[in-house]
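I am opening my notebook on this structure.

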Amino acid sequence: MHDKPKIEAFTDGACSGNPGPGGWGVLLRMGGHEKELFGGEAHTTNQRMEIKAAIEALRALKKHCAITIHSDSKYVVQGMTEWIHGWKKNGWKNAAKKPVSNQDLWQELDTLAAQHEVSWQWIKGHAGHEENERADELARRGVPTTRTE
């Protein structure tokens with residue numbers, strides 16, 4: 001019997017203005033192999049792009065994996081390791097009984113995460129962490145630029 005693939009993902013989001021044009025970036029690593037992913041949206045927020053990066057990391061997996069997602073976003077890491085359980089129990093309301101911000105993305109991330117064995121790891125951003133810096137670069141590359149025709 002084969003062990004499930006072990007993957008590391010380094011994710012980041014970026015926004016030019018908040019809200020504004022934003023991008024997400026993912027560096028996936030399995031053994032000696034790496035894959036870079038990035039994309040963006042014309043009108044979004046930094047938090048949405050941080051969640052979107054984690055979504056895209058999971059969406060890229062073709063089969064059941066053990067994955068560690070490294071993010072410099074405490075919002076994403078705490079959202080998935082602490083807050084989401086209460087949100088689901090309380091009908092997607094936060095502690096203040098208000099609808100959870102970015103519920104659409106949290107639900108998508110939760111659905112995708114349930115298909116894998118996911119570990120969430122917070123890393124300090126912009127602190128010289130090589131893979132985090134690469135994910136940040138990819139996220140900035142994903143930010144759409146406005147062009148005048």
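I start with a definition: a charge sits over a ring if NZ of Lys or CZ of Arg is within 6 Å of the ring centre and within 35 degrees of the ring normal. I note that the model is a predicted one.

**Entry 1: a charge and a ring.** I looked up Lys 74. Lys 74 lies over the face of Trp 122, at 4.6 Å from the ring centre.

**Entry 2: two helices.** Two packed helices are described by the angle between their axes and the distance between the axes. I took helix α2, residues 74-89, and helix α3, residues 103-113. Their axes come within 11 Å and cross at roughly 95 degrees. Angles of 65 to 115 degrees count as roughly perpendicular, so α2 is roughly perpendicular to α3.

Which residues make the contact? On α2 I listed Tyr 75, Val 76, Gly 79, Met 80, Ile 84, Trp 87 and Lys 88. On α3 I listed Trp 106, Leu 109, Asp 110 and Ala 113. I then sorted the contact of α2 with α3 by class: eight residues are nonpolar, one is polar and two are charged.

**Entry 3: aromatic pairs.** A pair of aromatic rings is described by the distance of the centres and the angle of the planes. I needed a cut-off here: rings pair if their centres lie within 6.5 Å. By this rule the count is five aromatic pairs.

I looked at Tyr 75 and Trp 83. Their ring centres are 6.4 Å apart and their planes are at 55 degrees, so the pair is tilted. Are these two residues buried or partly exposed? Tyr 75 counts as buried, at 16% relative accessibility. Trp 83 is partly exposed, with a relative accessible area of 34%.

Next I took Trp 87 and Trp 92. This aromatic pair is also tilted, with 6.3 Å from centre to centre and 35 degrees between the planes. Trp 87 is buried at 10% relative accessibility. Trp 92 is buried too, at 12%.

I then asked which residues form the aromatic cluster. I found Tyr 75, Trp 83, Trp 87, Trp 92 and Trp 106 in one cluster.

**Entry 4: a strand residue.** I moved on to Val 118, which is found in strand β5, residues 117-122. Val 118 is partly exposed, with a relative accessible area of 22%. What does Val 118 touch, leaving aside its neighbours within four places in sequence? Val 118 is in contact with Leu 58, Ile 67, Ile 69 and Ala 113. I also checked Val 118 against Ala 95. They are 23 residues apart in sequence and 25 Å apart in space, C-alpha to C-alpha.

Definitions and conventions. Residues numbered from 1 in each chain as written. Predicted model: local features only at pLDDT ≥ 70, side-chain atom pairs only at ≥ 80, totals over all residues. Heavy atoms only, no water. Axes fitted to C-alpha atoms, helices over the stretch in contact; angles between N-to-C directions. Helix = DSSP H or I, 4+ residues; strand = E, 2+ residues; numbered from the N terminus. Parallel < 35°, antiparallel > 145°, perpendicular 65-115°, else oblique. Contact = heavy atoms within 4.5 Å. Nonpolar A, V, L, I, M, F, W, Y, C, P; charged D, E, K, R; others polar. Phe/Tyr/Trp six-rings, centres within 6.5 Å; stacked < 30°, edge-to-face > 60°. Buried < 20%, exposed > 50% of the residue type's maximum accessible area, 1.4 Å probe, protein only.
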